[in-house]
Amino acid sequence: MCGRYSIAVSGAALVDVLNLDGTEPGFEWSPTYSVSPRTRAPVIRDRLIDGHRVREAFLPTWGLRPSWAKEKGPRPINARLETAATNGMFRSSFSSARALVPMTGYYEWQEAVEDGKTVKNPSYIHGSHDELLLAAGLLAFHRESDEDEWRTTFTIITRTGEDAAGDVHDRMPAFLTSAAWDTWLDPEKVDKDQATDLVDLLDVESRTVASTLLTRPVSRSVNNVRTLDRHNRGLIEKVARPE
């Protein structure tokens, strides 16, 4: 799965690197080394505005809530690639509300025994040059009443772990290369056959990106979201760990 990740770039850099048309009003982002569920984070989408396709960054909340979901219902942070196009929780979003979730890396944990105690050791999975990675995401929209504004949430699509990422955890985000961004972000609704083609595209693309990923052990200070400083670059720095 992917339960925590980093976006170590500013909002302005995100617009520049991804050559976006702009951002949603009020968009602000500082380099962040720990994005956790139920918080807002940058997501990329394409929209049709006056017949023109516009690519923008905005700040939805991580944890998908479709319009029909109850207020206290589940908020899945991940959707499995194997079933994202057919599962009732995600099917509508996969059909017509696809997005990209930028990250510079993500965390996974492995259990170990030290001095007779079980501990969770975090690893940071990232690109070979800590470059920006783009994971496939899905959007959903809801509001509490007709008078309320629409709120947007998102989830990250995951696949079976591959290569170095698979050595740390059995699931990983489904990343795409830039060659597939236009196809994935197409704002037009897709039918069942087209959805199958998109699943196949994600499978191939994510295997390609997985082959370039590296891992490094990082400090256990990242384990507790209540006490860490999410803007502290030290969270992603390599640490020595006993064998």
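A charge sits over a ring if NZ of Lys or CZ of Arg is within 6 Å of the ring centre and within 35 degrees of the ring normal. Arg98 meets this rule: Arg98 lies over the face of Trp184, at 5.8 Å from the ring centre. Another case is Arg45, which lies over the face of Phe58 at 3.8 Å from the ring centre. The model is predicted.

**Strand E8**

Arg98 also belongs to a covered strand. Strand E8 spans residues 98-103, and six of its six residues are buried. Both faces are covered. Arg98, Leu100 and Pro102 are buried on one side. Ala99, Val101 and Met103 are buried on the other. E8 pairs with strand E11 (residues 133-142) in the antiparallel sense, over six bridges. Within this region, Met103 stands opposite Leu133 of E11.

**The five-stranded sheet**

Which order do the strands of the open sheet follow? The order is E3-E1-E9-E10-E14, with antiparallel pairing. Strand E3 (32-35) and strand E14 (214-217) stand at the edges. Each has a single partner strand, so one side of each is left without a neighbour in the sheet. Neighbouring strands here are turned by 35 degrees against each other on average, direction ignored. E14 is joined to strand E10 (residues 117-126) by four bridges, and the two run antiparallel. Ile125 stands opposite Thr215 in E14.

**Aromatic rings**

The count of aromatic pairs comes to six. Two of them share Tyr107.

| Ring pair | Centre distance | Plane angle | Class |
|---|---|---|---|
| Tyr107 and Trp109 | 6.2 Å | 35 degrees | tilted |
| Tyr107 and Tyr124 | 5.2 Å | 50 degrees | tilted |

Tyr107 lies in strand E9 (residues 105-114) and Tyr124 in strand E10. They are 17 residues apart, so this pair links distant parts of the chain. Is Tyr124 buried or exposed? Tyr124 is buried, and so is Tyr107. For Tyr107 the relative accessible area is 0%. Trp109 is partly exposed, with a relative accessible area of 24%. Elsewhere, ring pairs link Tyr5, Trp62 and Phe154 into a cluster.

**Ser206 in helix H5**

Helix H5 covers residues 192-210 and contains Ser206. This serine has a relative accessible area of 0%, so Ser206 is buried. What lies 2.5 Å from a polar atom of the Ser206 side chain? The backbone oxygen of Leu202 does. Leaving out residues up to four places away in sequence, Ser206 touches Arg159, Ala174 and Phe175.

Technical notes. Residues are numbered from 1 along each chain as its sequence is written. This is a predicted model: local features need pLDDT of at least 70, side-chain atom pairs count only at pLDDT 80 or more; totals for chains, interfaces and linings use all residues. Side-chain values use heavy atoms; hydrogens and water are left out. Buried means under 20% relative accessible area, exposed over 50%, partly exposed in between (1.4 Å probe, protein chains only). Two strands pair if DSSP finds at least two bridges between them. Axes are lines fitted to C-alpha atoms, for helices over the stretch in contact, and angles run from 0 to 180 degrees between N-to-C directions. A polar contact is a pair of N or O atoms within 3.5 Å; within protein, one must be able to donate a hydrogen and the other to accept it, and residues adjacent in sequence count only if both atoms are side-chain atoms. Contact means heavy atoms within 4.5 Å. Rings of Phe, Tyr and Trp (its six-membered ring) pair if their centres lie within 6.5 Å; planes under 30 degrees apart count as stacked, over 60 as edge-to-face and the rest as tilted.
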